[in-house]
Amino acid sequence: MSSYIKIKNHINGQWLDETNGQYEPLKNPSTGAVIGEVPLSSVETSRAAVAAAAEAFPEWSATPLPKRMDYIFKMQQAMKDNLEMLAEAIALDQAKHIAEARGEVGRVIEILQMACTIPALIQGETVQGIANNINGRLIKAPLGVFCGVAPFNFPALVFGWFIPFAIGTGNTFVYKPSTESPLFMQKMMQLLVDIGLPDGVVNIVHGDRESVEAWYDDDNVAGVCLVGSTPTAKAIAEGCGRSGKKTMLLGGAKNFLVAMEDAPMDLMIENILMSGYGSAGQRCLAVSNIAVVSEIYDEFVERLLEASKDVTVGDAMNPDVFMGPVISAKAKQRIENYIEIGQKEGATLALDGRNPNVGAANKDGYFVGPTVFTDVTPCMQIAREEIFGPVLSVMKVGCINGALRMIKNHEMGNGAVIFTQNSYYTEKFINEADVGMVGVNVGICAPHPYLPFGGIKGSLVGNNKVQGKDAVDFFTQNKVATVRVVDPKAGQAAPAAAGDSNVRSCVAS
């Protein structure tokens, strides 16, 4: 890769520098070194990207469905052929460990496989004989231009949630990657160019909040998608609500893991390490609050601390370490502030992840090691707020009902998992855990691409979730046609009125 990377917008088939000349540095979180610059695009640039997408929409929406699917198949193959390049891009500017970056790209390839089933999912309905020679038909039609905002932590995954389903159903798209991890989309956009995707179907614009706010009153924009924080999701919902635009907005999270007395301990500890420390805890389904029944509390804490101390931290490109850095110096400071808050609140800091030993080459990187609090109560700030880092809060509960009450009382409702071998606990948890996604004996309850992904309560603004059939429904509108079939040889006389001539139907008859 180039030693210095100048990130560019991509509008109407052209790679473009930002005309206002405003850029911010792009850094490698593993070293703290500046590796490039990212444009902070103007409102005019954002509107130009929408205009390009709007211009491309009529021809793209009229493109036969099999031809659109050809592009999705080619997109999938291009990702397979370039998996390592795409993973390295993620590991460089997002600093996700290279093994996890490969896994993220692999999941997007699976999502694209699901998107290739759009021809089956987009089929409408027909109701025959609803009146005299009249049939009713429901058609799933594209809406126009959609815009999407991605977070820093999953630059590939969010691309997969938004763009294949949007363009596969006949819409065009404007995508704003995070300014902290834009490199994946630079590489991915070039692959879209290489497979021959028509100009303007997918456009990239980089920037801050102003770039997004420009979409709210743009008549060409049909809807806006986001994966991000709940406050940002609410702001977008308010902005889009004034002009009646559709929204698909996934917000923040605070996920629970419940450990019952019969939990398979080895499996559970292994999954907690992957869930809580994978991606340095920077994912919306990372385990954060751990509710452990009293019977195994002491054993669990001992095993968790033993395993957490063995987690290696270092450069995201180093295959021999388990966990890379957090995204920025600001994120590192925020996480360390929460560690101080937990201590002040009276929780026991059983493992302090501040200032881990990462070696001289990475001394300026943004590292926080595995951190474990015990003796945490649900009212503590560290148990209520999303820390978005490798910090675990362990709480003691008397039974499954106590754990379920904790989950129900929390304002977020993204995901929760239980570790047990008891079918009663399993079914009770699935039915009663007040979240959008549940898991049993898995550390990360991320649904596979065939099923919808999204939480409830404060973790989802609105009702729309990503991937699968839900994505197809979001990116289409139901158009209904009422069709009378007239025999041209029989003339066009009006049908005979039926029933009371003093009553006139408000529908075709």
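The crossing of α10 and α11 is right-handed, where right-handed means the near helix is turned clockwise from the far one by less than a right angle, and left-handed means anticlockwise. Helix α10 is residues 265–277 and helix α11 is residues 297–309; helices here are DSSP runs of H or I, at least four residues, strands are runs of E, at least two, and both are numbered from the N terminus.

Before I go on, a word on what we're looking at. This is a predicted model, so local features need pLDDT of at least 70 and side-chain atom pairs count only at pLDDT 80 or more, while totals for chains, interfaces and linings use all residues. Residues are numbered from 1 along each chain as its sequence is written, and side-chain values use heavy atoms, with hydrogens and water left out.

Okay, back to that pair. The axes of α10 and α11 come within 10 Å and cross at roughly 50°; axes are lines fitted to C-alpha atoms, for helices over the stretch in contact, and angles run from 0 to 180 degrees between N-to-C directions. That makes α10 oblique to α11, since under 35 degrees counts as roughly parallel, over 145 as roughly antiparallel, 65 to 115 as roughly perpendicular, and the rest as oblique. On the α10 side, the residues in contact include M265, D266 and Y277, and on the α11 side they include E299, F300 and R303; contact means heavy atoms within 4.5 Å. By class, this contact has nine nonpolar, one polar and three charged residues. Nonpolar is Ala, Val, Leu, Ile, Met, Phe, Trp, Tyr, Cys and Pro, charged is Asp, Glu, Lys and Arg, and the others, Gly among them, are polar.

Now on to α7, residues 183–194. What does α7 pack against at about 125°? That's α2, residues 65–81, with the axes 10 Å apart. That makes α2 oblique to α7, and α2 passes α7 in a right-handed crossing. From α2 we get M75, A78 and M79, meeting F184, M188, L191 and L192 in α7. By class, that's seven nonpolar residues, no polar and no charged.

Then there's α6, residues 155–168, packing with α7 at about 50°, axes 9 Å apart. That makes α6 oblique to α7, and the crossing is right-handed. Here P155, A156, F159 and I163 in α6 meet F184, M185 and M188 in α7.

Zooming out: the domain assignment, automatic or from a database, gives domain 1 as 5–252 + 458–482 and domain 2 as 255–454. Their centres, taken over C-alpha atoms, are separated by 30 Å, and 35 residues of domain 1 are in contact with 38 residues of domain 2.
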